[in-house]
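I open this notebook to record what I look up, entry by entry.

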Amino acid sequence: MIPSVTEPDFDVGIIGGGPGGSAMAAYLAKAGLKCVVLERELFPRPHVGESLVPSANRVLGELGFMETMEEYKFPHKFGAVWTTGTSAYSHNVGWEGLDTEPEAAIRFDERKQQGVDKKYTYHVDRGLFDLLLLQHANRLGADVYEGVDVAGVDFSERHPRIQFKFGRRTSHASVRMVVDASGRNTLLGKQLKLKVRDPIFDQYAIHSWFDGYDRSLLAKKPEELDFIYIHFLPVSNTWVWQIPITDTITSVGVVTQKKNFAKSRKEREEFFWHAVGTRPELHAGLKASKQVRPFRDEGDYSYAMKEICGDRFVLIGDAARFVDPIFSTGVSIALNSARFASRDIAAAAEHGDFTKERLQTFEGTIRRGMRNWYSFISVYYRLNVLFTHFIRNPRYRLDVLKLLQGDVYDDEEPEVLTKMRETVSDIERRPDHPWHKLLNELTSQAFSPAF
């Protein structure tokens, strides 16, 4: 890929072939742009982030990928369940509609979504899902190269040059526009010194797959067996995800604060079993099943960027922002940021102008959505199990569901988020309130601007 004197090798160079990069390549190829995807790894490869939210369906539909999702029989995800495992959280706080059951469930089909015609979204084996989406982008016309280690981008000339190693060979590709979809590697974020650590969230996760885990142990209804489960734990600011991968394989991960996360791998695995041990049914079910993957851990993953776009570059998905996996936001944000950014990039190509000004619609939309996700996650952690009140209460249920479906990009701040913050503030001001001691300390400063 030797650059031409006058014309670049490609219109758009995409760093990373995960869901964001693949979706971007597919959108741009459909728009008639010549683009290349440079992916460091060889697919398929294991990856965390195995559950989608319904707003992802819009992107998969627009890209003509829904038939593939059904062909490969990814498990259908009809809703979500939160469990506490104890009635110790049940207090009469005087709110109408408060249900004291130690579980709350919600179905996605309770609220219609524009552009979403299914009652479900999907759980996915990310190794397979990412491979299929990347192949789909390639079939639509994008050039795809795997095993390519991108070292950086030279912006000193008119056309940026993506510098990379392919085996022992060092080379580069010239492009009109660079899309950083490198995930938590945050290539341009590091190179351009845009990355900022989140001052509030310092979460870590340890996770694995288990074959033969009996999902009925913590499911009250047979139709909820394949929902995503979020299990609250009595360990401070710690929770467990339970995600179906196949009919028999379940992904289980413990998310906690850095202070709880041991340094050695042995101690981390011991912490996993200690954490799930606080929910005896879950612990017994996992011990009776077969662990089919080694434990993997993720850490220091909460960050933002000072800028998510500039002249001739844009950051999407985890390359732009990541907070916490609690609402399965990662893949959805990656897909939707590709959806929004691709429109601006296609318009920029039509006008031959790849300056930052051409990306203002994308920047405004995605920052608004990320801000709403961040506020939602922050107030959720502070509310702790009190969050289930907003799920059960008919007054707020559909507004919360809208957020859980991933429709966070239109409103500056959904009204239910304001109500949640008011609830927290009221409880904080009243030490004698029965829920006061149950508030988590994780986001005690979360209602001030984080960046």
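I looked up F129 first: at 0% relative accessibility it counts as buried, where buried means under 20% relative accessible area, exposed over 50% and partly exposed in between, with a 1.4 Å probe and protein chains only. The model is predicted, so I kept to its limits: local features need pLDDT of at least 70, side-chain atom pairs count only at pLDDT 80 or more, and totals for chains, interfaces and linings use all residues. Residues are numbered from 1 along each chain as its sequence is written, and side-chain values use heavy atoms, leaving out hydrogens and water.

I noted 21 aromatic pairs in the structure (rings of Phe, Tyr and Trp, its six-membered ring, with centres within 6.5 Å; planes under 30 degrees apart are stacked, over 60 edge-to-face, the rest tilted). F65 and F129 are edge-to-face, because their ring centres are 6.2 Å apart and their planes at 75°. F65 is buried too, with a relative accessible area of 0%.

I then checked F340 and Y409: with centres 5.1 Å apart and planes at 65°, this pair is edge-to-face. Both F340 and Y409 are buried.

I turned to E50. Which side chain of opposite charge is nearest to E50? R293 is, 4.9 Å away, and the buried E50 has no salt bridge (a side-chain nitrogen of Lys or Arg within 4 Å of a carboxyl oxygen of Asp or Glu; Lys and Arg count as positive, Asp and Glu as negative, and His and the chain ends are not counted).
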